[in-house]
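Morning, everyone. One model today, and a quick walk through it. Have a look at the screen first.

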Amino acid sequence: MELIYAAAIGVLAGSGVWLILRPRTFQVIMGLTLVSYAVNLFIFGMGRLTVGRPPIVDAVVAPDPAALADPLPQALVLTAIVIGFATTALFLVVLLASRGLTGTDHVDGRESES
Amino acid sequence: MIDWLQHAPIYPIAVPLIAGAAMLLLADTRRGARAAIAVASCLAQLAAAVVLLALAAGAGGHWPNGIGVYLPGDWPAPFGIVLVVDRLAAIMLGLTAVLGLASLIYSLARWDRLGVHFHSLFQFLLMGLNGAFLTGDLFNLFVFFEVLLAASYGLLLHGSGVARVSAGLQYIAVNLVASFLLLISIALIYGVTGTLNLADLAVRAGTLRGSERLLFEAGAAVLGLAFLVKAGAWPLNFWLVRGYGSASAPVAAVFSIMTKVGIYALLRIGSLLLPTGAPAAFSLDWMFAAGLATLIFGAIGLLATQQLEQMVGYCVIISAGTLLTALGMPGVTLTGPALFYLLSSVLTTGAFFMLVELIERTRTFGANVLAVTLDMFDLDDPTAPNRSDDVVGVAIPAAMAFLGLAFVACALLVTGLPPLSGFVAKFSLLSAAVTAANASLQPADAWILVAAVLTSGLAGIVAFGRAGIRIFWSADERSTPRLRLSEAGPVAVLILLCVGLAAGAGPVSAYLDDAARTLDQPAQYIDAVLSANTARTLGGH
C-alpha cells in the first residue's frame, strides 16, 4: 500500500510541477491543483497509513493509543484542503481577469516573440 | 472579572479580526464609519504592541525572562495552541502597528475608494502579520502566513488595471508554490518528530538519530526554502519588484514588512534549532551566501532600473539581503544591530513607497526614462507643445520643498548616510562585523559583509542621486503637486520616527541587544512554553 501511495504522490507532484512551468495560465492552475493533491496526500501519509483504526475514543473501554490512527494529520489536511481550495479559486478569478484585460492566456500577459 | 493584562497577547490578533469582520457588515456607502473602525483598530493594535513591549521588557514582573506564553484554548503547551511574546515578537508587533497605521491614514485620502473591502483586507493582512509574529506553533505559522497572503492577494489587485493583474498573477502563483513547500516541510517534520510546537520541536530534534535525523534535515531544508521565498532571497525573489512596484502606494508601503516575516521566521526557528545543530537551510553559511547574492542582485537592480517604484522594490531586496547576510554571521554580536537595521529599513521603505506615489503625480511623459534613453530611442513628448499653457497656477513651494526634503531624507536613510537612523544602523552593523572579524579565526566573512554593505550603499547613492537630479532639478515641465495632510502626514511621521530612532539609538539598541541575547538562549523560550500553566490548574480566573 505504501508503494502505491508514494507512487501516486510522486506522479501527481511530477505532473503538477511540469504543468506549473508551462507558459499558459490554464496549465499553471491545473499544475497547482495537482501539486495541492500531492501535498494533501503527503500530509495524510505522514500520520502513517493504517486500516481500520479510527481515532475515536470509546467512552467505556480505556483507549489504547497504539490502536488509534494519528488524528492530527487528518485535522491538518482538512485545513490545508480548505486553504488550498480557496486560494486556487482566487487564482482562477485572477486568471480570468488577466485573460480579459490582456487578451492572452500567457503568464507574462503577452505572447512570446518567437 | 477579566484580567485584561493577562490576555494582552491575543489582542493583536483578535482586534483586527473583529474590526475587519465588522466592516464587512457595513454598507459600501458608510465610508466614515469604516474609516473610523479601521483607524480605531490600528490605534488599539499600537496600544497593545506598546503594552507587550513593556511587558517583555520586564515591566510589572508578570513574565519571567521577559517571555510571555498565552494558551488560547487553555490546553497545556505541546498539545494546544500557544502564542509566545518575547522582545523580538513585541518589536515586530510594534513595527507592524506603526507601519499599518501610517499606511491606513495615507490610504484614506483616496486609495481606499478604488475597490471594495479595502479596509477589511487591510485588517486581515495586519492580523496575519501579527499572528505570524506571535505564534509558537509551526502549523499556525502556516495558517497565519495564508491569512496574510490571502489578504495581500486582494490588496495587490486593489485598484485593478493590467499591470496589477498580471503582476498579481505571478505573485499568487509563486506564493502558492511556496505555501505548498511550507506544507510539505511541516508534514515531514511532524512525521519525524511527532510535534508541531516549536519549543517541543527544539527539544525533540536533538534526540533524533540516523535516518530520522536525515529526514528531519530534509524537512527543515524545505521549510527554510519556503521562508527564503517569502523573505525575497535571490534567486527566489523575481516576483518581488514587479509585484510591489505595481501595488497601490499604501499597499506597497505595508507590504514592505511582509518580506521581514520570512526573515523573522528564519531567525526564530533558526535560534531554537541551533543548539542541536541547525539543519542546512538555517545554518549560518547558507544564510550568509544567500544574503550576499541577494544584496548584490538588489544593488545591480537598483542601478539598472529607471522607475522609482521599482527602485524602492530593489531597496526592499537590498534590505532583505543585508539582514540575511548579517544574521548569517556566527554569534549574536550582529543580531542586535541587524534588528536596528530592520526597524530603520522597514520604516524607510514604507515611507518611500508612499512618497514615490506623491512624486509621480508631479511628473509628465517620459520622466521615468533617463535622458540618454530618450535620445537613444528618439522619443518625443507627444503632449509637449500644448501642455505648458494648460498648467496654470504657481507651483506651491512648500509642497515641492516637502517632497524634495522627504526624498533626500529617504535616500539618506536607504543608503545609510549620516545623520539619520540608516547611518546609525549600518554603522553599528559594520562596527559589530569588524569586532567579530577581530575576534574570530576566519575574519574573511566579516570583511566580505563590510564590503558588500558599503558597495550596496554606494550603488544606492548613485541611483538615487541620478533619480533625484532628474526629478527635482532637470524636470522643466511639471504639474503642481497637491498634497493633502493625510498623505504628506504619514510620510513625514515615518521619516520623523527614523530621526527619533537615530536620536534615541542608545535605549533602542539596548532593547534590541536584549532581544538578541534572548534569542541566543533558546532554553529560556523552551522552558517558558513547556512549563506554561493552564488556567484550570491555577484554579481558574
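What share of the contacts in chain A with a separation of 6 or more comes from residues 24 or more positions apart? The figure is 55%. Keep in mind that this is a predicted model.

Let's stay with chain A. There are three helices and zero strands. From the N terminus on, the order is simply α-α-α. Now the dimensions. The C-alpha trace of chain A spans about 70 × 30 × 15 Å along its principal axes. As for burial, 27% of the 114 residues in chain A are buried.

Next, the interface. On the chain B side, 23 residues are in contact with 26 residues of chain A. Which helices of chain B each supply at least two residues of that side? They are α5, residues 138-156, and α6, residues 162-193. The largest share comes from α6(B), with 17 residues. By class, we have 18 nonpolar residues, four polar and one charged.

Now a helix pair inside chain B. Take α11, residues 258-273, and α13, residues 308-327. Their axes come within 10 Å and cross at roughly 10°. Angles under 35 degrees count as roughly parallel, so α11(B) is roughly parallel to α13(B). Who makes the contact? From α11(B), we have B:T259, B:I263 and B:L267. From α13(B), we have B:V316, B:A320, B:L323, B:L324 and B:L327. Sort the residues of this contact by class and you get seven nonpolar, one polar and no charged.

Find it in helix α10 of chain B, residues 249-255. Is B:V254 buried or exposed? Count the C-beta neighbours inside 10 Å: there are 28. The cut-off for buried is 20 or more, so B:V254 counts as buried. Which residues does B:V254 contact, leaving aside neighbours within four places in sequence? The list is B:L99, B:G100, B:S103 and B:L125. One distance to finish. B:Q306 is 52 residues from B:V254 along the chain, and their C-alpha atoms are separated by 23 Å.

That's the tour. Questions, please.

Note on methods: Residues numbered from 1 in each chain as written. Chains lettered and ligands numbered in written order. Predicted model: local features only at pLDDT ≥ 70, side-chain atom pairs only at ≥ 80, totals over all residues. Contact = placed C-beta atoms within 7 Å. Helix = DSSP H or I, 4+ residues; strand = E, 2+ residues; numbered from the N terminus. Nonpolar A, V, L, I, M, F, W, Y, C, P; charged D, E, K, R; others polar. Axes fitted to C-alpha atoms, helices over the stretch in contact; angles between N-to-C directions. Parallel < 35°, antiparallel > 145°, perpendicular 65-115°, else oblique. Buried ≥ 20, exposed ≤ 12 C-beta atoms within 10 Å, placed from the backbone.
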